[in-house]
Amino acid sequence: MLMAYASVAAFFLVAIGFVLGSLLFGKLLRPNNMYAEKVETYECGEAPVGPAWFNFNPRFYIIALIYIIFDVEIAFIYPVAAVFKRWVDQGSGLFALIEIFLFVAILMLGFVYVLVKGDLNWIRAIKGDPRGAQNVSSRSQPRASLAGASEAAESALAARAALAAQSTLAARAAVAEGGAES
């Protein structure tokens with residue numbers, strides 16, 4: 001009875017021998033010269049920027065999970081679409097169609113829930129923030145209360161630039177007078 005599994009055991013021994021042999025052959029064949037550039041983080045041929053471990057914004061994960069859900073939906077619907085004509089010929093086509101519409105309706109219900117909850121908004125207000133939603137839109141559109149402040153800042157900048165130009169001219173004149181005396 002155990003002889004029936006001898007071919008399976010031989011297959012596993014050959015597979016393990018192949019893997020170990022390949023690793024050993026590679027270890028003996030490849031050069032082993034480590035240097036700083038070789039052991040640093042690889043970023044698609046570009047010079048690495050920052051550490052390798054950093055936190056992603058959770059919005060990336062939410063969008064990716066929603067994409068995966070709808071991608072897997074296609075993987076479940078495709079086999080049904082492939083045999084749907086046969087099911088129609090057998091008389092169970094209406095049942096399959098209702099089943100698929102129910103499946104898509106449940107997914108759409110989840111999508112609408114996520115959309116209404118606001119998880120698909122890329123920039124959203126923080127709940128309980130006293131500034132409300134206006135603090136997130138201020139990056140793209142200036143708020144009305146900042147309009148006067150920005151004009152004051154621009155005039156202060158212009159005054160500083162004029163003062164710097166005057167002091168530079170005065171310094172050049174002083175250097176020119178000093179150079180003329182000697």
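Visitor: Which helix do the buried residues of α4 pack against, and how is "buried" to be read?

Guide: The buried residues of α4 pack against α3, where buried means under 20% relative accessible area, exposed over 50% and partly exposed in between, with a 1.4 Å probe and protein chains only. Packing here rests on contact, meaning heavy atoms within 4.5 Å, and helices are DSSP runs of H or I with at least four residues, as strands are runs of E with at least two, numbered from the N terminus. The model is predicted, with local features needing pLDDT of at least 70 and side-chain atom pairs counting only at pLDDT 80 or more, while totals for chains, interfaces and linings use all residues. Residues are numbered from 1 along each chain as its sequence is written, and side-chain values use heavy atoms, leaving out hydrogens and water.

Visitor: Which residues of α4 are buried?

Guide: An α-helix has 3.6 residues a turn, so residues three or four places apart point the same way. In α4 the buried residues are G93, A96, I100, L107 and V114.

Visitor: At what angle do the axes of α3 and α4 cross?

Guide: Two packed helices are described by the angle between their axes and the distance between the axes. The axes of α3 (residues 58-90) and α4 (residues 93-117) come within 10 Å and cross at roughly 170°, each axis being a line fitted to C-alpha atoms over the stretch in contact, with angles running from 0 to 180 degrees between N-to-C directions. That makes α3 roughly antiparallel to α4, a label for angles over 145 degrees.

Visitor: Which residues in α3 and α4 meet?

Guide: Those of α3 include I66, F70, F76, I77, F84 and W87, and those of α4 include I100, F103, V104, L107 and F111. As one case, I77 lies in α3 and touches I100, F103 and V104, leaving aside residues up to four places away in sequence; I77 and I100 are 23 residues apart in sequence and 7.2 Å apart in space, C-alpha to C-alpha.

Visitor: How many residues does α4 have, and what should they span?

Guide: The expected span is 1.5 Å times one less than the number of residues. For α4, 25 residues should therefore span 36 Å, and its end C-alpha atoms are 36 Å apart, which agrees. G118, whose phi is positive, near 95°, follows α4.

Visitor: How many buried residues does α1 have?

Guide: The count is 0 among its 24 residues, so α1 is hardly covered. Across the protein chain, which has 6 helices and 0 strands, buried residues make up 8% of the 182 residues.

Technical notes:
Angles under 35 degrees count as roughly parallel, over 145 as roughly antiparallel, 65 to 115 as roughly perpendicular and the rest as oblique.
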